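Notebook open, model loaded. I want to go through the annotations and then the pockets.

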Amino acid sequence: MTEELVAVYDAGGNVIGAEPRSRVYAEGLWHASAGVLVRSVDGTRVYVHRRTLTKAVFAGMHDCLAGGVVDPGETPVQAATRELAEELGISGLPLTELASAAWDGQWAGEPMRCHLYAYEARWDGPIRHQPEEIVDGWWWTDAELETHLADPAWPFVPDTRVLIPRLLRLRQHP
């Protein structure tokens, strides 16, 4: 079986090729990830989940975006749509673009450079976790999420932390 390929970007956010996921992570190559913030239909709650301990990056950490890397030939919104269906079992919803940012940081002592794309979906239906990706999940208000984020000991995905201030300020009322 061949290793999964990831779309590789330049620092300016342009696709320049594709490389195996292991090389992207080991060498800190620029890539992109897309995620979806799931809010209740009335906009008062956000869905937060905890990643499995078997994830290659950010294992066991909490997140409020269902998402993942952008595959070769895929746009960020296509990746977000795919990941939302895979991770939470939610499909067929319109996604609203919320924010994007570049994150140049480290994970497990290795460089990680990623263009982040965030979208929002409104949903009150059932959620089905992909067992290989998500251990548990629950609904919180923005204030509850902000309280947990204020605790530096609370393990939260670092690249999503880049977008959190913008995401929590954005309110789109039905």
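Predicted model: local features only at pLDDT ≥ 70, side-chain atom pairs only at ≥ 80, totals over all residues.

Which residues does the UniProt annotation "binding site" cover? I looked them up: the unreviewed entry gives Glu83 and Glu87.

**Entry 1: the largest pocket.** Which helices supply at least two residues each to the lining? They are H1 (21-27), H2 (76-88) and H4 (158-169). Strands E3 (31-39), E4 (46-51), E6 (65-69) and E8 (110-122) each supply at least two as well. By class, I note 14 nonpolar, seven polar and 12 charged residues in the lining.

**Entry 2: back to the annotated pair.** Where do the record and the pocket meet? From the "binding site" annotation of Glu83 and Glu87, I went to the lining of the largest pocket, and it includes Glu83 and Glu87.

**Entry 3: Glu83.** I place Glu83 in helix H2. Is Glu83 buried or exposed? Its relative accessible area is 7%, under the 20% cut-off, so I call Glu83 buried. Leaving out residues up to four places away in sequence, I see Glu83 touching Ala66, Gly67, Gly68, Val69 and Leu88.

**Entry 4: Glu87.** Glu87 is found in helix H2 too. I have Glu87 at 2% relative accessibility, so it counts as buried. Which residues does Glu87 contact, once neighbours within four places in sequence are set aside? I list His49, Ala66, Gly67, Arg128, His129, Gln130, Glu133 and Ile134. Ala66 and Gly67 are on my list for Glu83 as well.

Entry 5: I stopped at Phe58, whose phi is near 55°, a positive value in a residue other than glycine. I flagged that because most residues other than glycine have a negative phi. Phe58 belongs to the loop between E4 and strand E5 (62-63). With a relative accessible area of 3%, Phe58 is buried.

Definitions and conventions: Residues numbered from 1 in each chain as written. Heavy atoms only, no water. Helix = DSSP H or I, 4+ residues; strand = E, 2+ residues; numbered from the N terminus. Nonpolar A, V, L, I, M, F, W, Y, C, P; charged D, E, K, R; others polar. UniProt positions renumbered as here; feature names shortened; annotations may be inferred. 1 Å grid on protein atoms, 1.4 Å probe; cavity = no way out; pocket = protein on both sides within 12 Å on 5 of 7 lines; lining within 4 Å. Buried < 20%, exposed > 50% of the residue type's maximum accessible area, 1.4 Å probe, protein only. Contact = heavy atoms within 4.5 Å.
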